[in-house]
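User: Could you walk me through how to read a few features of a model?

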Amino acid sequence: MEDIFESIFGNFGGFGGFGGFGSSARNSNRPRKGEDIEFYLDLDFFEAVNGVEKEFFVNVKTVCNNCSGSGAKPGTKKVTCKKCNGRGSIRVQRQSFFGTVVSEELCNECNGTGEIVEEKCEKCKGKKYVLVRKKFTVKAPKGVNTNNIMTLKGQGNCGENGGPNGDVYVIFKVKSHELFVRNGNNVFYELPISFTEATLGAEVEIPTLEGKEKYTIPEGTETGTEFTLKDRGISDVNGYGKGNLTFRVKIITPKNLTDRQKELLREFSNEREEHLTEHKKNFFEKVKELFE
Ligand SMILES: [Zn+2]
Ligand SMILES: [Zn+2]
């Protein structure tokens with residue numbers, strides 16, 4: 001099946017005013033547009049990053065081909081509704097505080113059409129449509145994000161009395177990733193590095209959206225430092241460039257040290273005493289100022 005579709009990428013803002021349904025008694029035979037269908041399509045993080053072709057199935061109301069949408073058994077006639085005498089509406093009188101109130105209401109026998117079928121179509125049971133499980137194939141473009149919608153024009157539920165079909169709205173939902181955190185087109189993650197790598201600087205292996213690569217962490221890197229790879233994030237769904245890839249280093253404190261390692265660290269610490277004292281002095285001076 002060839003799907004004709006028109007893409008609209010924007011944020012889902014709720015649908016309203018579609019279809020033009022009304023319950024006006026006199027207009028029940030006029031063509032009516034079919035209902036729109038909303039379908040939520042889940043994508044994995046990388047499917048959204050790289051774009052993907054997806055298939056899904058939806059039950060769509062389709063004009064019954066047995067009765068051509070009349071609801072009547074082929075070869076039988078439609079007869080005038082006896083309840084409303086073909087008017088499609090009935091007059092209802094009610095007693096109220098202000099006296100008798102007369103109102104016009106839709107005839108529930110013929111559903112406002114003024115006629116009823118002599119014998120119902122056996123395929124659709126007189127409903128004029130049948131539910132068909134329809135296969136859709138959509139190409140989700142690179143950079144698609146949660147709440148982006150794609151409109152499949154005229155692929156929704158069939159209209160009534162020859163009215164046009166509704167549309168199908170494919171609403172994307174992108175799953176989160178265990179490492180990469182997406183914020184718009186930017187991607188973020190935390191990179192654990194060792195205390196020695198941070199202190200001495202090191203060439204480390206970092207994950208990117210395109211795979212692993214080498215990155216040089218400079219000497220004396222503080223925990224929490226962020227490094228940004230410009231234009232290495234996600235492609236904008238509408239083609240407006242790319243986001244950035246940022247990682248924040250997290251220094252892992254060494255644990256379960258051997259006696260020898262502990263000894264080396266103590267030795268190291270003794271040599272650094274002067275430097276540390278300087279830091280501590282500054283810190284305690286600030287604390288003092290704070291409480292005076
Ligand atoms: Zn039928
Ligand atoms: Zn009627």
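**A lysine and a metal site**

Analyst: Let's start with a pair of side chains: Lys 54 and Glu 47 are joined by a polar contact of 3.2 Å. A polar contact is a pair of N or O atoms within 3.5 Å; within protein, one must be able to donate a hydrogen and the other to accept it, and residues adjacent in sequence count only if both atoms are side-chain atoms. This is a predicted model, where local features need pLDDT of at least 70, side-chain atom pairs count only at pLDDT 80 or more, and totals for chains, interfaces and linings use all residues. Residues are numbered from 1 along each chain as its sequence is written, chains are lettered from A and ligands numbered from 1 in the order in which they are written, and side-chain values use heavy atoms, with hydrogens and water left out.

User: Which atoms are the protein donors of the zinc ion (ligand 2)?

Analyst: Donors are N, O and S atoms within 2.8 Å of the metal (3.2 Å for Na, K and Ca); water is not among the atoms, so sites may look incomplete. Here they are the SG atoms of Cys 81, Cys 84, Cys 107 and Cys 110, 2.2 to 2.3 Å from the zinc ion. Along the chain, their spacing is C-x2-C-x22-C-x2-C.

User: Why does Cys 107 count as buried?

Analyst: Buried means under 20% relative accessible area, exposed over 50%, partly exposed in between (1.4 Å probe, protein chains only). Cys 107 is buried because its relative accessible area is 0%. Cys 81, at 1%, is buried too.
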